[in-house]
Amino acid sequence: MLDQWTKAIEEGLNVDVIYMDFAKAFDSVPHQKLLFKLKNYGIEGSIFRWIEDFLFNRRQSVRISASHSQWKPVISGVPQGSVLGPFLFVIYINDLPDDIESDSLLFADDLKLYQPTSTILNNIQSDINKLFDWSTKWQMKFNPAKCKVLHVGRSNEKHDYEMSDYSDGTVKLDELDNDKDLGICVDPLLKFSSHLNQKVNKANQIMGMIRRSYCYLDCTSFRYLFTSLVRPHIEYCNTAWYPALKKDMIRIESVLRRSSKLVNGLYDLTYEERLKSLKLPSMKYRFKRGDMIMVFKILHDKDNCMNSFFEINSDSVTRGHNLKLKKPLVVTSARKHFFSMRVINDWNDLPMDIVNAPSIETFKAKLDKFWNTHYYAFD
């Protein structure tokens, strides 16, 4: 998604994104229509009857303290908490994007559609209307009050979009300043400053809790606590929201810089000396290392990611390894700092035996050995 958005911005376009929200998604799936779709997908016989028995004749009641409500039949919805429930829900909404012209992405009950605004403006509004018609036909209503629009791009004209409220009226979709998309806070300029602030603040809160909970920390206990409770918050999906500005990386590094002083006997040492004592790499090194691991996975088909991110440089006069990447000329900062652009120089500088490692673990070990002089370095 971000690859497509940054390409559009590089081409001088803007992107309008519509985030659709189902009303009580998992509880609204009608059983008879779900079974109809299962048959059309070719699921029949004993498997079909087993799923039918799994859905029908369910009852539920509500308990408050010692009081119970009457039992009521469950006439719709997939059983939440079950293994089969999410799978049945995905089958039910699988055909949702089939008739729309905009690009769309589905993850469970999260749906977004987007399109560069240089194309026909009515396309997005027309697609919203088609989604409304689908939701009416298949009895999976959206919540118009929670459907939002994000206008991506510095020169975005911020067109208005509306949706029917399932009566005779319509609702104008509210504009977002940023949106939390699968755990990443996306802003209109794709700078991810809001996401970075949230993650740094969360990491500092956890470190504050650790400081108040432990009167003594040695190197081993600190390393376990930091790598399991603090660092995952900062590193989550960092290949997508990588801090482009130096001041942002300084803020991220400051989490480890300050917290490492809590370890007994390390307060008066320099930051690099503290990292060596703790046997922890700098955050900057972790971010760059994560980028290289992702490139390795994509180029060696070890990840379910499309290979459209990169183009192999097949020029015979190019020196180095056989997986060198072409580096196109880019102008905008959003595209320049995006994953598929920022990793090219570092990847092309790696030696042949590293990029052609037989496994991910071997690649990691060889990369750490090759970059050993940068392991504790931040500047």
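**Helix packing and sheet architecture in the predicted model**

The axes of helix 2 (residues 31-40) and helix 3 (residues 45-55) approach within 11 Å and cross at roughly 165°. In this predicted model, an angle over 145 degrees counts as roughly antiparallel, and helix 2 and helix 3 are therefore roughly antiparallel to each other. The crossing in which helix 2 passes helix 3 is right-handed. On the helix 2 side, the contact is built from H31, L34, L35, L38 and K39; helix 3 contributes F48, I51, E52 and L55. Readers with the structure open may like to display these side chains together, as both helices take part in the contact.

Five strands make up an open sheet, arranged in the order 6-7-1-8-11, with mixed pairing. Its edges are formed by strand 6 (103-107) and strand 11 (174-175), each of which pairs on one side only. Within the sheet, strand 1 (residues 15-21) runs antiparallel to strand 7 (residues 110-116), and the two are joined over seven bridges. A handy landmark in this pairing is M20, which stands opposite L111 of strand 7. Helix 1 (residues 2-10) packs on the sheet. This helix touches strand 1, strand 6, strand 7 and strand 8 (148-152), and its direction makes about 150° with that of strand 1.

Just after helix 11, D301 adopts a positive phi of about 55°.

For the chain as a whole, the secondary structure amounts to 16 helices and 13 strands. The C-alpha atoms occupy a box of roughly 65 × 60 × 45 Å along the principal axes. Of the 379 residues, 42% count as buried. Among contacts between residues at least 6 apart in sequence, 66% join residues at least 24 apart.

Methods:
Residues are numbered from 1 along each chain as its sequence is written. This is a predicted model: local features need pLDDT of at least 70, side-chain atom pairs count only at pLDDT 80 or more; totals for chains, interfaces and linings use all residues. Side-chain values use heavy atoms; hydrogens and water are left out. Helices (H or I, at least four residues) and strands (E, at least two) are DSSP runs, numbered from the N terminus. Two strands pair if DSSP finds at least two bridges between them. Contact means heavy atoms within 4.5 Å. Axes are lines fitted to C-alpha atoms, for helices over the stretch in contact, and angles run from 0 to 180 degrees between N-to-C directions. Angles under 35 degrees count as roughly parallel, over 145 as roughly antiparallel, 65 to 115 as roughly perpendicular and the rest as oblique. A crossing is left-handed if the near helix is turned anticlockwise from the far one by less than a right angle, and right-handed if clockwise. Buried means under 20% relative accessible area, exposed over 50%, partly exposed in between (1.4 Å probe, protein chains only).
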